[in-house]
Amino acid sequence: MLSTMHDGPLSIARILAQGTGPHGSSEVVTWTGAEPRRRSYAEVGRRVAQLAHALRQLGVTGDQRVATFMWNNAEHLETYLAVPSMGAVLHTLNIRLFPEQITYIADHAEDHVVVVDGSLLPLFGKILPTLSTVRHVIVANGDASALEAPAGVQVHDYDQLLRGHPDTFDWPEVDEHAAAAMCYTSGTTGNPKGVVYSHRSIWLHSMQVCMSDGMGLAQSDRGLAVVPMFHAMSWGLPYAALMVGASLVMPDRFLQPEPLVRMLSTLHPTMAAAVPTIWQGVLQHLDADPQDISALREVVVGGSACPPSLMRSFQERYGVPVLHAWGMTETSPLGSVARPPAAATGEAQWPYRESQGRLSSAVEARLIGEGGTEQPWDGKSVGELEVRGPWVASSYYRDDDPDKFDDGWLRTGDVGTLSPDGFLRLTDRAKDVIKSGGEWISSVELENQIVAHPAVAEAMVVGVPDEKWDERPLAAVVLLDGQQADAAELREFLTGRVAKWQVPDHWAFLAEAPKTSVGKYDKKHLRKQHAEGGLDIKHA
Ligand code: AMP
């Protein structure tokens with residue numbers, strides 16, 4: 001028997017209509033370093049229609065790709081909304097990748113148009129001549145005449161391009177399974193992989209972001225989206241915000257702790273999302289120069305494991321709960337969030353909050369152990385996490401990666417346990433687990449313990465080759481400004497916190513931790529530095 005329900009498509013155009021119509025008085029606020037720029041969603045809606053007309057005039061039809069090379073700001077949000085709503089495909093380019101990777105990605109996706117921030121023109125200008133399919137560049141917030149256009153490429157000014165176009169658009173009805181947006185993962189081996197989101201997957205994922213047991217984004221929120229719009233769609237915040245009418249605060253290029261703290265204390269966001277290294281910097285800044293950030297009801301942290309000490313410090317010193325979430329570009333990205341069960345109160349909440357949390361009901365999971373056997377959800381058996389669901393990729397765009405997918409299941413590359421009540425605890429990335437004397441050492445667990453030392457700002461642990469034990473942990477540490485600690489003291493600190501044989505015997509003290517294009521610890525780089533003898537190793 002078929003249902004009696006209407007079968008209309010779930011579409012970005014509906015999210016746009018809801019956000020810019022009934023929620024037209026909500027706003028997107030873009031930080032500028034001086035007076036923030038404010039734009040109501042009603043105005044965003046009018047400009048989105050104008051942008052869609054302008055893109056049509058430039059010849060954008062069908063599922064052509066319109067790329068962005070931008071910071072998080074109002075114009076990026078407008079492009080997010082206009083491109084999929086008109087049936088084309090938004091492609092967010094990661095501005096921090098190596099130029100050759102950007103060229104590969106833009107060519108692979110066959111980007112036709114690129115919307116670029118004026119402040120990024122010096123970088124983009126070098127890449128543009130290498131892009132083979134781009135025909136139009138639209139410069140937002142900058143001087144379009146500063147860009148030298150290669151033959152066959154036209155350069156436009158964003159605001160001028162919008163001017164004179166009607167501020168309504170007859171949005172086409174799109175198939176909900178059609179591509180809406182794409183994002184490449186910066187894989188550590190091989191070429192970057194394209195993940196293509198559908199209107200349906202974005203819609204369902206947005207609902208999950210808004211569920212109270214998801215990120216709980218609601219109309220009453222002002223969300224500070226620190227996580228870049230070019231990294232896993234800013235964790236879904238832009239579309240989710242328009243879906244429910246939550247306002248957005250966009251940091252633009254001001255991602256250092258000082259301006260972020262000013263945004264928190266002057267624009268009063270109620271929630272904010274960023275990777276742990278950003279929150280670590282914000283915490284240090286707040287400790288040195290305390291500010292009122294009490295408008296925050298919660299901050300979301302994910303992208304890599306959040307050290308428990310960071311979560312506790314935020315809560316204890318500033319009264320702000322930190323919500324730990326897990327996900328990947330391939331999972332749209334929200335997979336799980338760590339909200340403790342109602343029965344756990346006080347101190348008993350922490351083991352749940354420190355875990356990667358419970359997977360959302362739409363995301364199925366299984367753990368595959370060594371030898372390919374499925375592991376029980378007993379909180380002890382370890383395996384690689386595999387997931388599938390309506391907002392989880394089951395293939396890459398024009399790339400048959402044989403290792404990443406298994407009959408619709410995504411092999412996450414993340415290793416850990418699942419408890420009977422569904423809490424995911426990741427011990428490591430499969431490739432970062434340290435194999436020492438036949439036993440496994442979790443690099444994440446060591447990092448969490450080291451960073452709990454009061455003199456330590458950041459800690460990274462990798463396995464390095466060892467003749468006797470196969471691998472041994474190397475800890476690279478960044479100390480807090482003005483603080484002292486040596487290898488012997490840190491080793492002593494770890495005693496009793498981790499098994500004795502796990503305590504690192506190689507230590508390096510760095511001025512800065514190497515990070516990837518999305519702000520995570522770059523362990524590959526650290527291993528390379530070690531292999532090339534580029535680290536000053538201390539042995540305690
Ligand atoms: P990306 O696609 O760049 O967002 O990277 C996804 C990967 O980040 C995951 O496969 C995990 O290895 C890691 N990751 C994301 N969130 C967490 C978390 N809460 N704890 C540990 N690792 C995480």
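What distance separates the centres of domain 2 and domain 3, taken over C-alpha atoms? The centres lie 27 Å apart.

This is a predicted model, in which local features need pLDDT of at least 70 and side-chain atom pairs count only at pLDDT 80 or more, while totals for chains, interfaces and linings use all residues. Residues are numbered from 1 along each chain as its sequence is written, and side-chain values use heavy atoms, with hydrogens and water left out.

**View 1. Domains of the chain.** Domain 1 covers 12-30 + 37-199, domain 2 covers 363-429 and domain 3 covers 434-539; these bounds come from an automatic or database domain assignment. In the contact (heavy atoms within 4.5 Å), domain 2 and domain 3 take part with 5 residues each.

**View 2. Interface of domain 2 and domain 3.** About 350 Å² is buried between domain 2 and domain 3, with carbon and sulfur atoms giving 51% of this area. Buried area is the accessible area (1.4 Å probe) that two parts lose on being put together, summed over both. On the domain 2 side, E370, T427 and D428 lose the most area to domain 3, together 78% of what that side buries. Between the two domains there are 0 salt bridges (side-chain nitrogen of Lys or Arg within 4 Å of a carboxyl oxygen of Asp or Glu).

**View 3. Nitrogen atoms of the ligand.** A backbone N or O atom of A325 is 2.7 Å from a ligand nitrogen atom. For H324, a polar side-chain atom lies 2.9 Å from a nitrogen atom of the ligand. A polar backbone atom of G303 is 3.0 Å from a ligand nitrogen atom.

Terms used
A polar contact is a pair of N or O atoms within 3.5 Å; within protein, one must be able to donate a hydrogen and the other to accept it, and residues adjacent in sequence count only if both atoms are side-chain atoms.
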